[in-house]
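Work through each task before reading its solution.

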Amino acid sequence: LTQHHEAVASDRRRPADDDPQGVRSVGVIGGGTAGYMAALALKAKRPWLDVTLVQSKEIPIIGVGEATVTYMVMFLHHYLGIDANELYRKVMPTWKLGIKFDWGPAEDEPFMATFDWHHHSIGGLGALDATGSVNGFTLQSLMMMADRSAVFEVDGKPVSLMKYLPFAYHLDNARFVGYLTELAEQRGITHVEARLADVVLGGEEWVDHLTTTDGRELTFDFYVDCTGFRSMLLGKTLGTPFHSYSDTLFTNSAVTGNMPHDGVLKPYTTATTMQAGWTWNIPTPESDHIGYVYSTDHISDEQAADEIKERFPTVDGLRQVRFRSGRHDKAWRGNVYAIGNSYAFVEPLESTGLLMSALSIQAMVATLPTSWSETPARDVVNLGLGQRWDAIRWFLGIHYKFNTKVDTPFWKDVRDRCDVSGFKPLLDLYANGAPLTRRDPFLLDLALGAAPTFFGLAGIDNLLLGQKVPATKLERTETNDDWWQRRKAADALVAKAMSQADALQAFAEHPEFNKQLLEDFDSWAGRHIAPYIGMN
Ligand code: FAD
């Protein structure tokens, strides 16, 4: 069907030369990841646009280590057209096969939430029956448990199986933004170093021009607000209402730092339960980047800093960050479209920041008006992005609601009051028969409507089964012996896999590995998939 149906007309029209309402110039305000990715996308997909990025060095970017999700591999390479081997050389990403959660029942070992969770390649219920833990339910779960990546030495030569096991990047924020800045310059994006003083309206929901503190006036046809938490256009100027997620997500601060890893690169992000929140650990080539996300209603900044130092004694360079969880009512109003923290934010428990910026960018590019004389498709964008953000709120909520690792005032409070009402239909379905992904396909179609998250039902299963949230388990037809046969076969393969440091070295020496990943038809990230997710 997809090969033979009528060709879809291109939505990449350019404005007629004589159209006085044509959209020809775009001002992207803000130079963090949201701003640069937005500017690069506009230039890549609408090359005739005059794209300007306005940014003030006086206001620093967020600049913390960032974990991402698999979608970003395709977004960076297929959508933004970033060369993979160059990204490895300049940004030095490490790989994330999933998240290791030190989470769930007090007596349990950490559980692995993997990106190959759809496959149940070894078996989730079998893992629970045979070992008492969801761990080892997929090949990638075993790779994580053994600190290995799917590159093998065969007859003295490396062979990559990374194209069969979805993974994401850990990106050092400062290095990543530095690289995007370089690309923006190469690709003809005008850079204006200036601090925004005022946003001058020309009508209701309509920005006429901007003024800067050094007295300049900047006028564009379309304004992209990427000013981070300041939300200078959407929030401050247009006064767009903000929907707080604080009934679900109680944290509002992070204290971040770095600690040595002695060359051991873990192929995953770690999320560890703390007294009043949790800590991430994101490996970069030089060190582990860590951050304690906590609630100042439950502990002070000093207590948070003391706790992180006590738990991770070699941590260094601590700095505090404040945030608020929630989203604005709309991302797009009039000629202003907000992307990144200026529109919405949740804590990085499932690494959704860059993912949501990418989705906002795709939605903007796909609906960018050619002319203001057309009817803009604002509502579909605002509704769709809002739903996706809200689904992330509920998804993060079920991390909190069911974590019984510690009994501090914060965690008792969270378990008591955390609002997960948006996921109630799914939680009921799970309790009534788990795993969700093994239920009747029609039922799943209904259920998916309640959970439009990137993580899907497999991600929810992984999290609920990992935390041992009670459910009636679906019947298994095989014995534990059969399960162990598969597990042993997978263990034998994993024992031969390389450490991440060696595997990354093999990728550096063999550029064809990235080509296999991004071009091969049997790869999870192959180019042929891009059009199906709007990335052509
Ligand atoms: P910022 O990086 O804050 O950039 C804002 C830009 O606006 C800056 O360039 C600034 O100079 C400019 N600006 C602001 N005001 C003005 C003005 N008046 N005039 C001119 N310029 C102005 N996301 C993930 O995907 N994974 C993670 O692991 C992750 N971890 C996070 C941890 C923490 C503690 C926080 C707070 C966020 C985390 N995020 C994570 C989210 C992530 O940082 C952001 O989504 C992402 O970096 C986008 O930031 P931004 O571009 O919206 O804002």
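**Exercise 1.** Into which domains is the chain divided?

*Solution.* This is a predicted model, in which local features need pLDDT of at least 70, side-chain atom pairs count only at pLDDT 80 or more, and totals for chains, interfaces and linings use all residues. Residues are numbered from 1 along each chain as its sequence is written. The division gives domain 1 (25–65 + 172–243 + 331–389) and domain 2 (91–97 + 113–168 + 420–531), with bounds from an automatic or database domain assignment.

**Exercise 2.** Describe the contact between domain 1 and domain 2.

*Solution.* Begin with the separation: the C-alpha centres of the two domains are 34 Å apart. Next, count the residues in contact (C-beta atoms, placed from the backbone, within 7 Å): domain 1 supplies eight and domain 2 five. On the side of domain 1 that touches domain 2, the elements giving two or more residues are α6 (173–186) and α10 (378–401), where helices are DSSP runs of H or I, at least four residues, numbered from the N terminus. Of these, α6 gives the most, with three residues. Finally, by class, this side of domain 1 has three nonpolar, one polar and four charged residues; Asp, Glu, Lys and Arg count as charged, Ala, Val, Leu, Ile, Met, Phe, Trp, Tyr, Cys and Pro as nonpolar, and the others, Gly among them, as polar.

**Exercise 3.** At what angle do helix α2 and helix α9 pack?

*Solution.* Helix α2 (residues 71–79) and helix α9 (residues 353–367) pack at about 45°, their axes (lines fitted to C-alpha atoms over the stretch in contact) being 10 Å apart. The contact joins Y71, M72 and F75 of α2 to L354, L355 and A358 of α9. By class, these are six nonpolar, no polar and no charged residues.

Technical notes: Contact = placed C-beta atoms within 7 Å. Axes fitted to C-alpha atoms, helices over the stretch in contact; angles between N-to-C directions.
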